[in-house]
Amino acid sequence: MKTKVFLLTLLLMLLFAGTTLAAKPTITADQQYFDINTGLYVLNGNVYIELKNRIITAGQAKVNMASLEVWGTGGITVSQDDISFTADKVYVYGSQDHAVVEGNVVFSRENLKVTANQVDYNWRDKNAVFSGNVQIRQNDSLLTTDTARYNIATNTFL
């Protein structure tokens with residue numbers, strides 16, 4: 001009986017350990033250290049962060065592993081599948097599947113390019129809300145507006 005309980009406990013520990021490890025991001029940078037005062041990993045130079053199927057690159061970034069938060073600056077790219085954002089800075093709240101990309105934002109997808117000052121993107125509902133000097137180039141047309149809401153899953157503006 002004790003052996004069965006032990007084996008069951010060991011199996012559950014391995015199962016949950018695998019789930020926990022699967023949620024951790026892959027992180028590389030030229031220089032990185034852990035700041036014990038802030039609890040953040042500080043990354044400098046050729047920053048690469050991959051979580052699930054999302055990839056963030058930056059010149060510099062700070063990462064909170066507990067909340068999966070990322071603050072990045074300098075040559076930002078955020079990509080997933082066939083979409084990509086480039087910008088000056090990004091804040092990603094990974095556990096909430098939410099990102100705010102700011103400064104010279106360019107969103108790209110086949111036959112679509114959107115430029116704006118900022119985009120607020122929610123991975124859960126697949127909505128991107130562009131704001132500030134929004135220009136939408138789709139096929140051969142150009143639209144200029146203050147804000148635009150785009151659903152990435154349906155490839156439509158709402």
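L43 is found in strand β3; strands here are DSSP runs of E with at least two residues, helices are runs of H or I with at least four residues, and both are numbered from the N terminus. L43 is buried, at a relative accessible area of 0%. For accessibility, buried means under 20% relative accessible area, exposed means over 50%, and partly exposed lies in between, with a 1.4 Å probe and protein chains only. L43 and A61 sit 18 residues apart along the chain, yet their C-alpha atoms are separated by 5.1 Å.

Before going further, a word on the model and its numbering. This is a predicted model, in which local features need pLDDT of at least 70 and side-chain atom pairs count only at pLDDT 80 or more, while totals for chains, interfaces and linings use all residues. Residues are numbered from 1 along each chain as its sequence is written, and side-chain values use heavy atoms, with hydrogens and water left out.

## The overall layout

The protein has one helix and 11 strands. Reading from the N terminus, the order of elements is α-β-β-β-β-β-β-β-β-β-β-β. Of the 158 residues in the protein, 34% are buried.

## The cavity

How many cavities of 30 Å³ or more does the structure hold? There is one, and the space in the largest cavity comes to about 110 Å³. A cavity here is a set of points on a 1 Å grid over the protein atoms alone where a 1.4 Å probe fits but cannot get out, and lining residues have an atom within 4 Å of a point. Grid points are joined across faces, edges and corners, and the volume is the space filled by probe spheres set on the points. Rolling a probe the size of a water molecule over the atoms shows where empty space is left.

The lining of the largest cavity is made by P25, I49, L51, R54, I56, V63, L68, V70, V92, G94 and W123. By type, the lining divides into nine nonpolar residues, one polar and one charged. In this count, Ala, Val, Leu, Ile, Met, Phe, Trp, Tyr, Cys and Pro are nonpolar, Asp, Glu, Lys and Arg are charged, and the others, Gly among them, are polar.

## Salt bridges

A search of the whole structure turns up four salt bridges, each defined as a side-chain nitrogen of Lys or Arg within 4 Å of a carboxyl oxygen of Asp or Glu. R54, one of the residues lining the largest cavity, meets D97 in a salt bridge with an N to O distance of 3.0 Å. D97 lies in the loop between β6 (83–93) and β7 (98–109) and R54 in strand β4, so this pair ties together parts that are 43 residues apart in sequence. Both D97 and R54 are buried.

D82 and R109 form another salt bridge, and their closest N and O atoms are 3.1 Å apart. Because D82 lies in the loop between β5 (69–80) and β6 while R109 is in strand β7, the pair ties together parts that are 27 residues apart in sequence. D82 is partly exposed at 47% relative accessibility, whereas R109 is buried at 16%. A further salt bridge joins E102 and K89, with the closest N and O atoms 3.5 Å apart. This pair links distant parts of the chain, E102 in strand β7 and K89 in strand β6, 13 residues apart. E102 is partly exposed at 26% relative accessibility, and K89 is partly exposed at 40%. Salt bridges that share partners also join R54, D97 and R124 into one network.

## On the surface

F34, I36, Y41 and M65 make a nonpolar surface patch of about 400 Å². Such a patch consists of residues with over 30% relative accessible area and no salt bridge, with nonpolar side chains (Val, Leu, Ile, Met, Phe, Trp, Tyr) joined within 5 Å and like charges within 9 Å. The areas come from the Shrake-Rupley method with a 1.4 Å probe, and for residues only the protein chains shown count as cover. F34 belongs to strand β2 (residues 31–35) and is partly exposed, with a relative accessible area of 40%.

N104 has a phi near 55°, a positive value in a residue other than glycine. N104 is placed in strand β7 and counts as exposed, at 59% relative accessibility.

Where is N139 found? N139 is in the loop between β9 (127–138) and β10 (141–151). N139 is not a glycine, although its phi is positive at about 55°, and N139 counts as exposed at 59% relative accessibility.

Key
1 Å grid on protein atoms, 1.4 Å probe; cavity = no way out; pocket = protein on both sides within 12 Å on 5 of 7 lines; lining within 4 Å.
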